[in-house]
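Subject: Structure handover

Hello,

Here is the structure I promised to pass on. Please look it over first; my notes follow below.

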Amino acid sequence: MLLPLWVRRDMRLFSLYLLCNLIPFILNQYFIQSILFNSIISFTAHLILFTGTIALYSDILLLHWQEFLQLNSAKWWLIGGSVLAIFGIIGFTELSLVALLESAFGKNQVGAMYDVPSYHSKHLSLLGSFIVFTAALGNTLFTAIINELLFRHVLFMEKLYVNPRLILWLTLSSLLYGFTFWYSLGQDWIATLPYMLVGAWLAWLYYKGDNLWYCLFISLIYSLIQVLVIPLLFIVYLE
């Protein structure tokens, strides 16, 4: 029995997603210790995943883009407000979690929820550091688009069309989205909670707005704001 086209497409995306994340992880963890080569491998994997994802879902992106253009200018206010809301959700949740943990275990037992990443090393030349930063920038923007297609469209809206259980798919897609930050947050499950809430917020916006470009623009703008801080940290570090 031949599976429906959308199922086969989703299976290709899942396979590509796993390969493009698992292979660089194994290489970086066990075979390659160079920051520069790790960055190049990671960027290449993200680029392949991004290209494959766009190719698989180009029809969805085009259809939603045409509908997005027909919306009035209030859409940009919604997008801008949602970006601010994400910063608020993450900031408030992290502060609340830290306060809760400190009250339960003591201040000295609770560390920072995550460290600010460094893209410069004394073992790298200025060119090498620039390549590492550029790779990180590309990975951030690629990931923003990939995540919206995977977690908001495939794992939420598509499943909602087939089986209309809003709370189930919103919760499941948000939990899986938060899990993608687990390793970068020091393998701390509690630290992924703010991102699970962000995933739920974006899924709800997609459900109410019925257009994926809301989520795409919100994630891209949020990611760009984060990345624009990195050059300042980089300059301060060099000084």
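**Rings and charges**

Lysine 75 lies over the face of phenylalanine 68, 4.4 Å from the ring centre. A charge counts as over a ring if NZ of Lys or CZ of Arg is within 6 Å of the ring centre and within 35 degrees of the ring normal. Arginine 152 is placed over the face of tyrosine 177, at 4.3 Å from the ring centre.

A word on the source. This is a predicted model, in which local features need pLDDT of at least 70 and side-chain atom pairs count only at pLDDT 80 or more, while totals for chains, interfaces and linings use all residues. Residues are numbered from 1 along each chain as its sequence is written, and side-chain values use heavy atoms, with hydrogens and water left out.

**Aromatic pairs**

The structure holds 20 aromatic pairs. Rings of Phe, Tyr and Trp (its six-membered ring) pair if their centres lie within 6.5 Å; planes under 30 degrees apart count as stacked, over 60 as edge-to-face and the rest as tilted.

Phenylalanine 43 and phenylalanine 142 have ring centres 5.8 Å apart and planes at 35 degrees, so this pair is tilted. The pair links distant parts of the chain: phenylalanine 43 is in helix α2, phenylalanine 142 in helix α5 (residues 126–162), 99 residues apart. Phenylalanine 43 is partly exposed, at 26% relative accessible area. Phenylalanine 142 is buried, at 14%. Buried means under 20% relative accessible area, exposed over 50%, and partly exposed in between (1.4 Å probe, protein chains only).

Tryptophan 65 and phenylalanine 68 are stacked, with centres 5.7 Å apart and planes at 20 degrees. They sit three residues apart in helix α3 (residues 58–69), so about one helical turn separates them. Tryptophan 65 is partly exposed, at 30%. Phenylalanine 68 is buried, at 1%. Both belong to one aromatic cluster, formed by Trp65, Phe68, Trp76, Trp213, Tyr214 and Phe217.

**Helix packing**

The protein has eight helices and zero strands. Helices (H or I, at least four residues) and strands (E, at least two) are DSSP runs, numbered from the N terminus.

Helix α1 (residues 5–30) and helix α2 (residues 35–56) pack at about 180 degrees, with their axes 9 Å apart. Axes are lines fitted to C-alpha atoms, for helices over the stretch in contact, and angles run from 0 to 180 degrees between N-to-C directions. α1 and α2 are therefore roughly antiparallel. Angles under 35 degrees count as roughly parallel, over 145 as roughly antiparallel, 65 to 115 as roughly perpendicular and the rest as oblique. The residues of the α1 contact with α2 are eleven nonpolar, five polar and two charged. Here Ala, Val, Leu, Ile, Met, Phe, Trp, Tyr, Cys and Pro count as nonpolar, Asp, Glu, Lys and Arg as charged, and the others, Gly among them, as polar.

α2 and α3 pack at about 65 degrees, with axes 4 Å apart. That makes α2 roughly perpendicular to α3. Ile54, Ala55 and Leu56 of α2 meet Ser58, Asp59 and Leu61 of α3. Contact means heavy atoms within 4.5 Å.

**Whole chain and one loop**

Of the 239 residues in the protein, 41% are buried. Among contacts with a separation of 6 or more, 75% join residues 24 or more positions apart.

Aspartate 210 has a positive phi, near 55 degrees, though not a glycine. Aspartate 210 lies in the loop between α7 (193–209) and α8 (212–238).

Best wishes
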